[in-house]
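Open the model in your viewer and colour it by secondary structure. Then follow the stops below, selecting as you go.

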Amino acid sequence: MTREPRGNPLFADWPTGRPAEPGACPIRDVLDRVGQKWTLLILISLERAPQRFSALQRSVGDISKRMLTQTLRELERDGMISRTVYPTKPPSVEYALTELGRSSLQPIATLSDWASANHDRIRAARAAYDAAV
């Protein structure tokens with residue numbers, strides 16, 4: 001990949017061109033996970049305290065058990081959350097943020113603040129676009 005100068009210094013190191021391997025671009029690799037529909041909501045829900053599966057499902061809202069299970073597995077695989085099984089009958093499982101997962105909360109908070117501050121403008125732009133189409 002080559003690096004070309006860009007106008008915004010925040011993105012001066014942004015790689016251009018196509019990476020040799022699909023997972024070689026760290027930005028795409030990480031943002032593919034973080035950008036998924038449920039990931040941010042799960043991470044934000046776990047910010048308060050570790051939670052069991054059913055409490056996490058209630059906290060997130062309209063997520064199916066299948067999607068919650070899949071997303072939790074992916075986040076555990078990425079090292080963002082930990083899964084602890086307690087030897088009770090039936091076994092209980094608790095999910096918690098890892099240090100890596102906790103480190104993601106500040107950028108998530110910044111993005112959440114931006115989304116909240118601009119939500120009305122985005123909805124208005126959508127309405128204007130839809131009316132014109």
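**Stop 1: two crossing helices**

Select α2 and helix α6 (residues 105–132): they pack at an angle of about 115°, with their axes 11 Å apart. Axes here are lines fitted to C-alpha atoms, for helices over the stretch in contact, and angles run from 0 to 180 degrees between N-to-C directions. The crossing of α2 past α6 is left-handed. Left-handed means that the near helix is turned anticlockwise from the far one by less than a right angle; clockwise would be right-handed. Show side chains at the contact: L40, L43, I44 and E47 come from α2, and L105, I108, L111 and S112 from α6. Contact means heavy atoms within 4.5 Å.

A word on what you are viewing. This is a predicted model, in which local features need pLDDT of at least 70 and side-chain atom pairs count only at pLDDT 80 or more, while totals for chains, interfaces and linings use all residues. Residues are numbered from 1 along each chain as its sequence is written, and side-chain values use heavy atoms, with hydrogens and water left out.

**Stop 2: the whole chain**

Zoom out. The chain has six helices and three strands. Along the sequence they follow the pattern α-α-β-α-α-β-β-α-α. Helices (H or I, at least four residues) and strands (E, at least two) are DSSP runs, numbered from the N terminus. Of the 133 residues, 25% count as buried. Buried means under 20% relative accessible area, exposed over 50%, and partly exposed in between (1.4 Å probe, protein chains only).

**Stop 3: helix α4**

Select residues 65–77. How far apart are the end C-alpha atoms of α4? They are 18 Å apart, which agrees with the 18 Å that 13 residues should span at 1.5 Å a residue. The expected span is 1.5 Å times one less than the number of residues.

Now show L68, T71, L72, E74 and L75, the buried residues of α4. They cover an arc of only 165° around the axis, so they sit on the same side of α4. The arc is that of the directions from the helix axis to the C-beta atoms. An α-helix has 3.6 residues a turn, so residues three or four places apart point the same way.

Turn to the face away from the buried side. There you find the exposed residues K65, R66, R73 and R77.

Pick E74 in helix α4. Its relative accessible area is 18%, which makes E74 buried. Leaving aside residues up to four places away in sequence, E74 touches R33 and Q36. Then step past the helix to G79, which follows α4 and has a positive phi, near 80°.

**Stop 4: the sheet**

Select the three strands. They form an open sheet in the order β1-β3-β2, with antiparallel pairing. The edge strands, β1 (51–52) and β2, each pair on one side only. Two strands pair if DSSP finds at least two bridges between them.

Start with β1 and β3, which pair over two bridges. Q51 has Y95 as its bridge partner, and R52 has E94. Next, look at β2 and β3, paired over six bridges. Here the partner of R83 is Y95. A hairpin of five residues joins β2 to β3.

Finish on β3. Is it mostly covered or uncovered? Mostly covered: five of the six residues of β3 are buried.
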